[in-house]
Amino acid sequence: MSPEVSAESAGLAVRTRGLRKVFGERAVLDGVDLDVRRGEFLALLGASGTGKTTLLRILAGLDAATGGTVLVPPVRTVVFQEPRLIPSKRALANVVIGQGRSARAKGLAALAEVGLSRHADAWPATLSGGEAQRVALARALVREPELLLLDEPFAALDALTRLHMQDLIAELCARHRPAVVLVTHDVEEAILLADRIAVLREGRFVTDLQVGIDRPRDRTDPVFVELRRRLLADLGVDSHAGTPREEVAR
Amino acid sequence: MSTAVQGLVAPNPPRAAGRAPALTFALRAVGPLLLLAAWYAATASGVLTEDVLAGPQDVLKTFGELWADGQLPEALRVSVTRAGLGLVLGASTGLLLGVVSGFTRLGEELVDSSMQALRAIPFLALTSLFVVWFGIEEASKILLIGVACTFPMYVNVSSGVRNVDRKVVEAARSFGLGRLAIAREVVLPGALPSVFAGLRLATTLSVIALIAAEEINVTAGLGYLMARATDYLRTDILALCVLLYAVIGLLADLTLRLIERVTMPWRRAVSIR
Ligand SMILES: Nc1ncnc2c1ncn2[C@@H]1O[C@H](COP(=O)(O)OP(=O)(O)OP(=O)(O)O)[C@@H](O)[C@H]1O
Ligand SMILES: [Mg+2]
């Protein structure tokens, strides 16, 4: 290994080389090379069924890859599309699960960060969708991960809650600076939050670009609009012909 | 190419389940084979004498003789029929009552308390009463086995039905399915794991109840064979019958597990997402 390579790779949080995942006959991931720097926020876009969740689960260590190498930090946490709270434990107990008694204070602080101090004693079934998802976020943050994996964490939320959650994520990630991989369908969300955006198609990245827009980002900024148009095209949505879903939704 | 990066580790995903089938089979066979070997060693070395327990080779020989002269096939036919009829009777009663009590509020109020009260009666205590009520012929035996099988089925099915995902039930209702359709399309498939758990318990109980039922004045069946063997102190026949009871239970369980696989294909492809 040359000195430059190790110097460059010292600041990495994720490195995959030639990552493959095959289901039956079909290679869903076919040679994915991905580097994510420490503290970097990467948004992962891709049409439905392109293997975003598959990639995320491999990074999380939940599924095995069929081939290739994967390197990730030892402490990594996941927020899934649905909250996945343990119904028999109250909100706070869910946040500090497996962390020992001393974690109570940290758990309360994490709940406060997501604005749920008053719900520490609530049962998961009594929380609204957005609240439950925020508890799941607190559960992921309280472990001080070096890599935070988010699989469409806002997908099941209403538009307003979703905006709040996006702000919350942006704020918390800026404060804690974990490396983040966010899977999303929402191009605007990706541009708003991410430092870098990658588009997955047919098992590989077809796009991998830096978002060079200063924060806070403005949706009406021409650079924003142009980037959005380009990403939609990469996703196979032709914004000239017909009415793509992204347009209709707004 | 070296991919080592300071501070990073390879994730450690759970290993895909599944050993080679041959190895699994071999591992499963170890326990029973050891037991068989211990039995043989104990009898061959004289630690267990013939009047206490016959050795496996004697039991095998007796099996050959009884099978050849037709006594054993006839006894098996009679006993398996009894247990089978009782099981079908009890399991279907338990299934029906379980679904009714688990799925409808009224059903629970009407059925559950009486079932819980009846369940407290040990079915063995009913043996003599059933003879008085239903005679010494087959009816009393089959009914006794049926009663024994009803309760494990009822308890499992009603709790399984109650635990079916309410969100899915609600969705089905919103798509205009009626109660019966929901029970058939959503609730029963959802409760199938519990149904099979109940069925497997009921199967075990049906063999136990069979033994109790065959204490009542029998003229045929495995129980009859055992009663006669007791009179002549034939430990080889006794051991054989005990083994046969076990084999019946084992075969029934295997069959159920096979049916379980076939009727729940969605569980085979299971993966957490
Ligand atoms: N356990 C499995 N067995 C077989 N095929 C699978 C399995 N898991 C995923 N797949 C297939 O792999 C492909 C990628 O799935 P994945 O869930 O990663 O897609 P995705 O990009 O997350 O899609 P979405 O945006 O809809 O969530 C899909 O076509 C899916 O059918
Ligand atoms: Mg997905």
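## Salt bridges

Over all chains, the salt bridges come to a count of 26, and it should be kept in mind throughout that this is a predicted model. Begin by selecting Asp35(A) and Arg17(A), whose side chains meet in a salt bridge with an N to O distance of 3.0 Å. This pair links distant parts of the chain, with Asp35(A) in strand S2 (residues 26–37) and Arg17(A) in strand S1 (residues 12–23) of chain A, 18 residues apart. Asp35(A) counts as buried, because its relative accessibility is 18%, which is under the 20% limit for that class.

Staying in chain A, select Arg37(A), Glu40(A), Arg196(A) and Asp208(A), which are linked in a network of salt bridges.

Now move to chain B and select Glu74(B) with Arg77(B), where a salt bridge joins the two side chains at 3.1 Å, N to O. Both residues lie in helix H3 (residues 71–103) of chain B, 3 residues apart, which is about one turn of the helix. An α-helix has 3.6 residues a turn, so residues three or four places apart point the same way. Glu74(B) counts as partly exposed, at 38% relative accessibility.

A further pair to select in chain B is Glu185(B) and Arg184(B), whose side chains meet in a salt bridge at 3.3 Å, N to O. Here Glu185(B) is partly exposed at 47% relative accessibility, whereas Arg184(B), with a relative accessible area of 52%, is exposed.

Return to chain A and select Asp151(A), which is found in strand S6 (residues 147–151) and counts as buried at 8% relative accessibility. Which side chain makes a polar contact with the side chain of Asp151(A)? It is that of Thr53(A), at 3.0 Å. If residues up to four places away in sequence are not counted, Asp151(A) touches Thr53(A), Leu56(A), Val79(A), Phe80(A), Gln81(A) and Val183(A).

From that list, take Phe80(A) next, which lies in the loop between strand S5 (76–79) and helix H3 (91–95) of chain A and is buried, with a relative accessible area of 16%. Leaving aside neighbours within four places in sequence, Phe80(A) is in contact with Leu62(A), Gln133(A), Asp151(A) and Pro153(A).

## Helices and surface of chain B

Select Asp165(B), which caps the N-terminal end of helix H7 (residues 166–174) of chain B, with a side-chain oxygen 3.0 Å from the backbone nitrogen of Lys167(B). Following H7(B) is Gly176(B), whose phi is positive, near 90°.

Thr203(B), in helix H8 (residues 179–213) of chain B, is buried at 5% relative accessibility, and its contacts, leaving aside neighbours within four places in sequence, are Leu87(B), Ala252(B) and Leu256(B).

For the surface, select Leu129(B), Val132(B), Trp133(B) and Phe134(B), which form a nonpolar patch with about 430 Å² of accessible area together. Leu129(B) belongs to helix H5 (residues 127–134) of chain B and is partly exposed, at 38% relative accessibility.

## Where the chains meet

Finally, display both chains, where 16 residues of chain B are in contact with 27 residues of chain A. The area buried between chain B and chain A is about 1,600 Å², of which carbon and sulfur atoms give 60%. Between these chains the count is 0 salt bridges, and 1 residue pair is in polar contact, with both residues at pLDDT 80 or more.

Conventions. Residues are numbered from 1 along each chain as its sequence is written. Chains are lettered from A and ligands numbered from 1 in the order in which they are written. This is a predicted model: local features need pLDDT of at least 70, side-chain atom pairs count only at pLDDT 80 or more; totals for chains, interfaces and linings use all residues. Side-chain values use heavy atoms; hydrogens and water are left out. Helices (H or I, at least four residues) and strands (E, at least two) are DSSP runs, numbered from the N terminus. Buried means under 20% relative accessible area, exposed over 50%, partly exposed in between (1.4 Å probe, protein chains only). A polar contact is a pair of N or O atoms within 3.5 Å; within protein, one must be able to donate a hydrogen and the other to accept it, and residues adjacent in sequence count only if both atoms are side-chain atoms. Contact means heavy atoms within 4.5 Å. Patches are made of residues with over 30% relative accessible area and no salt bridge: like charges are joined within 9 Å, nonpolar side chains (Val, Leu, Ile, Met, Phe, Trp, Tyr) within 5 Å. Accessible areas come from the Shrake-Rupley method with a 1.4 Å probe; for residues, only the protein chains shown count as cover. A salt bridge is a side-chain nitrogen of Lys or Arg within 4 Å of a carboxyl oxygen of Asp or Glu. Buried area is the accessible area (1.4 Å probe) that two parts lose on being put together, summed over both.
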